[in-house]
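Please keep the viewer open as you read.

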Amino acid sequence: VHRILGKGFLEIVYKDALEYEFDVRGIPYEREKKFEVPYKEIILPHKFQADFVVFDDIILEVKAQKGIVDEHYRWVLNYLAISRCSLGLIINFGEDSLVTKRLIL
């Protein structure tokens with residue numbers, strides 16, 4: 001996707017392209033999957049939404065900006081804890097070369 005589109009588009013464009021590639025390759029995924037957030041004995045009214053969940057076990061967070069910041073790592077770690085997925089990937093299309101970070105809970 002990065003090789004074809006390069007940098008400079010909004011995140012939504014890269015998500016659309018990734019979704020196309022997942023479909024073409026037969027990779028199972030859910031886009032913008034919502035997860036409930038438990039708090040004490042209740043479920044909070046607002047859910048968190050992962051950009052993609054791939055193979056039912058990988059949180060994929062898509063960025064299109066200059067650099068990956070600490071906040072992105074915290075988000076993905078929280079997503080992993082709530083979703084019980086085992087692997088999180090942050091991919092950033094906002095650089096000259098694709099930047100990926102892998103997180104394991």
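Is β4 largely enclosed by the rest of the structure or largely left open, and why? Six of the seven residues of β4 are buried, so β4 is largely enclosed by the rest of the structure. Here buried means under 20% relative accessible area, exposed means over 50%, and partly exposed lies in between, with a 1.4 Å probe and protein chains only. Strands are DSSP runs of E with at least two residues, helices are runs of H or I with at least four, and both are numbered from the N terminus.

A word on the model before we go on: it is predicted, with local features needing pLDDT of at least 70 and side-chain atom pairs counting only at pLDDT 80 or more, while totals for chains, interfaces and linings use all residues. Residues are numbered from 1 along each chain as its sequence is written, and side-chain values use heavy atoms, with hydrogens and water left out.

Now for the sheet around β4. Five strands make an open sheet of mixed pairing, in the order β1-β4-β5-β6-β7. The edges are taken by β1 (29–35) and β7 (99–104), each with a single partner strand, so one side of each has no neighbour in the sheet. From one strand to the next, the twist averages 30 degrees. Two strands count as paired if DSSP finds at least two bridges between them.

On one side, β4 pairs with β1 in the antiparallel sense over six bridges. Within this pairing, F35 stands opposite F48 in β4, and the bridge partner of R31 is F52. F52 also has a bridge partner in β5, namely L60. β4 and β5 run antiparallel and are joined by three bridges. Their hairpin has three residues between the strands, and F55 takes a positive phi there, near 55 degrees.

Helix α3 (residues 70–83) packs on the sheet and touches β1, β4, β5 (58–63), β6 (87–92) and β7; contact means heavy atoms within 4.5 Å. The direction of α3 makes about 155 degrees with that of β5, where axes are lines fitted to C-alpha atoms, for helices over the stretch in contact, and angles run from 0 to 180 degrees between N-to-C directions.

The loops are worth a visit too. A64 is found between β5 and α3 and is partly exposed, at 24% relative accessible area. Not counting residues up to four places away in sequence, A64 touches F9, L10, E11, Y14, N92, F93 and G94. Leaving aside neighbours within four places in sequence, E95 is in contact with H2, K7, Q65, K66 and G67.

K40 lies between β2 (38–39) and β3 and is exposed, with a relative accessible area of 70%. R84 lies between α3 and β6 and is exposed at 72% relative accessibility.

To finish, look at L44, in the loop between β3 (42–43) and β4 (48–54). L44 is partly exposed, at 30% relative accessibility.
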